[in-house]
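Here is a short briefing on aromatic pairs and a surface patch. Please look over the model before reading on.

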Amino acid sequence: MNQLWRYIFIQTLIGVLAAAAVIIAVIVLIDYVETSRDIATRADINALEAFQLTLLKAPLLVQETAPFIILFGVLFTFFRLSRRSELIVMRASGYSAWRVVAPAAVLCLILGAASAALLNPVGAQTNARFDQIRERILDGQVGDAAWSTGEVWLRELSADGFTIITAERVEPDSASLIRPVFRQYRLTDGAPDLERLISADEARLTSSFWQLSGAVEAEAGEAGRPVGELGLPTRIQPQALFERARSPGAISFWNLPGVIESAQAAGLSSRPYELRWHGLLSQPLLLLAAALIAAAATFRLHRMGGAARFAAAGAVAGFGLYFTQELLLGLGASGALDPVTAAWSAPAMFALAGLFFIASTEDG
């Protein structure tokens, strides 16, 4: 790592930080206006409280706009180096285009990994806190009472059949189902037969058991009999299952594998969580693609002129990357594409396109 490599790395970091400052200020301002319109018009909160709510959503908003931050940051950096003829001097002295791009590429890979592994967990926590506070404000609640979801339907597979679990609501903070009903079915010649029905006042999920209170058990064709406390074995994990009360975008990067496993164990669709998981895993490649597009748009400025035209082309290509990624993720959510293809295709295609353009510039 020589001095010129460090210089390009630092200049790229400065450009990315400058772009981040501008873009974050814009999205916070826009979201502040949206939060004020959504909550302040229906509840009695002041401007400072609305701003605090906006800050709780900021980490996830920053992560969503990370490709644009990288795009404009790298574009600004290399455009500035080109205008000051530094790129021309580097190329004339035998410094290849690949060595010029390498520091920016390494920086983007680092930022992409940090965005998924560090920024996303923070954003998931703050976004969950935003949802809780918003519900309390709009519902007129005060204090730290647990928030709950609506009606719940679960399906858990077993060795010889499956169990259908319904409940009036789930309370994520206490990992409990309120007024649940467990219907246990046995598969006989491929057809389900109701074997046992259990209703309860509450079911609390521990590491491997549902702990029922106020339970009433009924065998098939028989009247129910009170059993009071009852434990039912389960493969559903508490933290993973009750993260499902939130949207996939509000679940931490580190919790997503558990949520996927829990959803599959409960017989539920894990596709939204698999899409989110692969979307976060592809974040470094996505940011790398944005950086390569920005660098490719500046490499020919000193040879061909038309700085504004090439910079605009780079910006349009960056927006194309973002919207292509969103389109493929939408197709993945609909089931038209598998999660891996939906999450990785756009970053891979645009990264290869950027590499091709840089190679053509370097080798002719």
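Is Phe72 buried, partly exposed or exposed? Phe72 is partly exposed, because its relative accessible area is 31% (buried is under 20%, exposed over 50%, partly exposed in between, with a 1.4 Å probe and protein chains only). This is a predicted model, where local features need pLDDT of at least 70, side-chain atom pairs count only at pLDDT 80 or more, and totals for chains, interfaces and linings use all residues. Residues are numbered from 1 along each chain as its sequence is written, and side-chain values use heavy atoms, leaving out hydrogens and water.

**Aromatic pairs**

- The structure holds ten aromatic pairs (rings of Phe, Tyr and Trp, the last by its six-membered ring, with centres within 6.5 Å; planes under 30 degrees apart are stacked, over 60 edge-to-face, the rest tilted).
- Phe68 and Tyr322 form a tilted pair, at 4.8 Å centre to centre and 50° between the planes.
- This pair links helix α3 (residues 66–83), which holds Phe68, to helix α11 (residues 307–334), which holds Tyr322, across 254 residues (helices are DSSP runs of H or I, at least four residues, numbered from the N terminus).
- Phe68 counts as buried because its relative accessibility is 12%, whereas Tyr322, at 22%, counts as partly exposed.
- The rings of Phe72 and Phe319 are edge-to-face because their planes lie at 65°, with centres 6.2 Å apart.
- Phe319 is partly exposed, at 34% relative accessible area.
- Ring pairs join Phe68, Phe72, Phe319, Tyr322 and Phe323 into a cluster.

**Exposed valine**

- Val22 is found in helix α1 (residues 3–40).
- Val22 counts as exposed because its relative accessibility is 53%.

Methods
Helix = DSSP H or I, 4+ residues; strand = E, 2+ residues; numbered from the N terminus.
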